[in-house]
Amino acid sequence: MSAGKLWTTPTQVQGLRIRAVAAFGGIDISLGEGYEHRVTNKTPEFTSKFANGKIPALETSSGFKLFETTAIARYVAGLAKNSTLLGSSVEEQALIDQWVSFSDSEIFANARSVKLFFQNQIPYSKPIDNFYRDRVTNNLAIVESHLASRTFLVTERITLADISLASVLKSVFESLVDASQRAKLPNTVRFFNTVANHPSIKPVFGETAFIEKARQYTAPPKAKPAKEAAPEAPKAKPVKAAAKEAEDEEDEAVREEPKPKNPLDLLPKSTMPLDDWKRAYSNLDTRGAGGSLEWLYQHYDAEGYSLWKVVYKYNEELEVIFKSSNLIGGFFNRLEASRKYLFGSMGVFGTNNDSIIAGAFIARGKEYKPVFDVAPDWESYDFTPLDLSNDADKAYFEAALAWDLEIDGKKWADGKVFK
């Protein structure tokens with residue numbers, strides 16, 4: 001049986017998963033010929049079939065179309081009628097879905113966030129880098145414990161869950177999880193080798209290039225400024241012509257409307273340039289000796305800045321975590337005009353349908369409104385001043401910046417930094 005045509009690249013992790021599922025289930029699947037990433041998937045022909053232009057994408061001979069990795073992999077697994085891929089009971093099917101989701105959202109998604117730093121797709125931040133690495137480590141520990149008494153995740157045979165997790169492990173073993181970390185994951189490594197070396201899966205996965213040391217962020221080299229040609233000496237102008245030009249320039253200056261100055265620019269010069277703090281936060285661990293918090297307390301200008309606890313007013317309306325995180329991202333985008341006056345760290349706390357949004361900010365000046373009212377939705381948040389001489393306020397502020405804050409028993413689930 002043929003599953004149809006799969007649009008992917010030879011090394012795409014998600015595509016490898018789908019191809020491995022097809023191979024294990026004895027299902028033929030062809031690859032889109034002549035596919036060139038970021039070219040083919042941007043053509044009208046492709047987007048007319050798959051509106052978001054993403055891969056992997058599947059098209060069957062009957063014209064049935066699917067995008068999103070999980071949906072395609074499950075569809076292909078369902079075509080293998082006599083396989084063990086989808087389990088044999090409702091309970092097994094639910095557990096398979098659970099582990100597929102866990103592999104994608106708790107391991108792969110966090111690992112991909114770290115890789116965005118490698119690729120210089122987002123500004124580097126050491127605390128955020130560490131946060132996502134820790135999440136990968138912690139979630140692999142859950143897998144390690146689960147596999148201590150099991151060969152596979154759900155049943156005694158390979159299922160869609162096992163191939164999904166193995167595809168994710170291949171990716172992290174080749175980039176983030178190095179030899180010293182793998183030594184602490186013997187059950188997980190054993191599981192991976194068992195699945196990846198299955199006779200049907202090995203030709204798809206190929207060899208795994210296990211890394212010895214985890215990749216670290218390397219700042220891109222700064223471009224050398226081009227030497228400017230010496231300006232040509234101006235030619236002398238006739239006296240009358242020069243006088244006329246001066247009059248014209250003067251008239252133009254009179255006619256031009258002066259640009260209104262931001263009142264924050266009129267404040268006395270601070271002893272702590274905010275950009276220096278932002279660099280310290282990005283390049284240093286948050287806590288501990290020599291960390292960014294220590295740097296801040298040594299340089300903080302209490303006359304030039306104020307600290308604020310910021311809490312979303314409508315937390316009861318929040319649903320899934322990623323949507324709440326997107327809400328923070330939208331708020332930050334709308335604060336763009338205040339970037340030179342503001343630094344903040346906001347998080348989503350809790351779980352899906354039971355979460356809150358809160359954080360801490362360093363703002364130029366003594367009032368929050370001049371900094372925040374550039375965002376149309378600023379009134380959707382409550383602002384409370386933080387006093388570093390108050391132990392509770394100081395603990396809240398530090399934990400918000402370190403991304404280990406807990407609020408009413410709700411743990412930090414995701415977050416963003418405005419800098």
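Student: Why is Arg-279 called partly exposed?
Tutor: Arg-279 has a relative accessibility of 47%. Buried means under 20% relative accessible area, exposed over 50%, and partly exposed in between (1.4 Å probe, protein chains only). The value for Arg-279 falls in between, so the residue counts as partly exposed.

Student: And what makes Asp-276 and Arg-279 a salt bridge?
Tutor: A salt bridge is a side-chain nitrogen of Lys or Arg within 4 Å of a carboxyl oxygen of Asp or Glu. The closest N and O atoms of Asp-276 and Arg-279 are 2.5 Å apart, so the pair qualifies. Asp-276, at 31% relative accessibility, is partly exposed.

Student: Where do these two partners lie?
Tutor: Both are in helix H11 (residues 274-283), 3 residues apart, about one turn of the helix. Helices (H or I, at least four residues) are DSSP runs, numbered from the N terminus.

Student: How do you know that Lys-323 and Glu-319 form a salt bridge?
Tutor: Their N to O distance is 3.8 Å, which is within the cut-off, so the label holds. Lys-323 is partly exposed at 46%, and Glu-319 is partly exposed at 44%.

Student: What should I keep in mind about the model?
Tutor: It is predicted: local features need pLDDT of at least 70, side-chain atom pairs count only at pLDDT 80 or more, and totals for chains, interfaces and linings use all residues. Residues are numbered from 1 along each chain as its sequence is written, and side-chain values use heavy atoms, leaving out hydrogens and water.

Key:
Helices (H or I, at least four residues) and strands (E, at least two) are DSSP runs, numbered from the N terminus.
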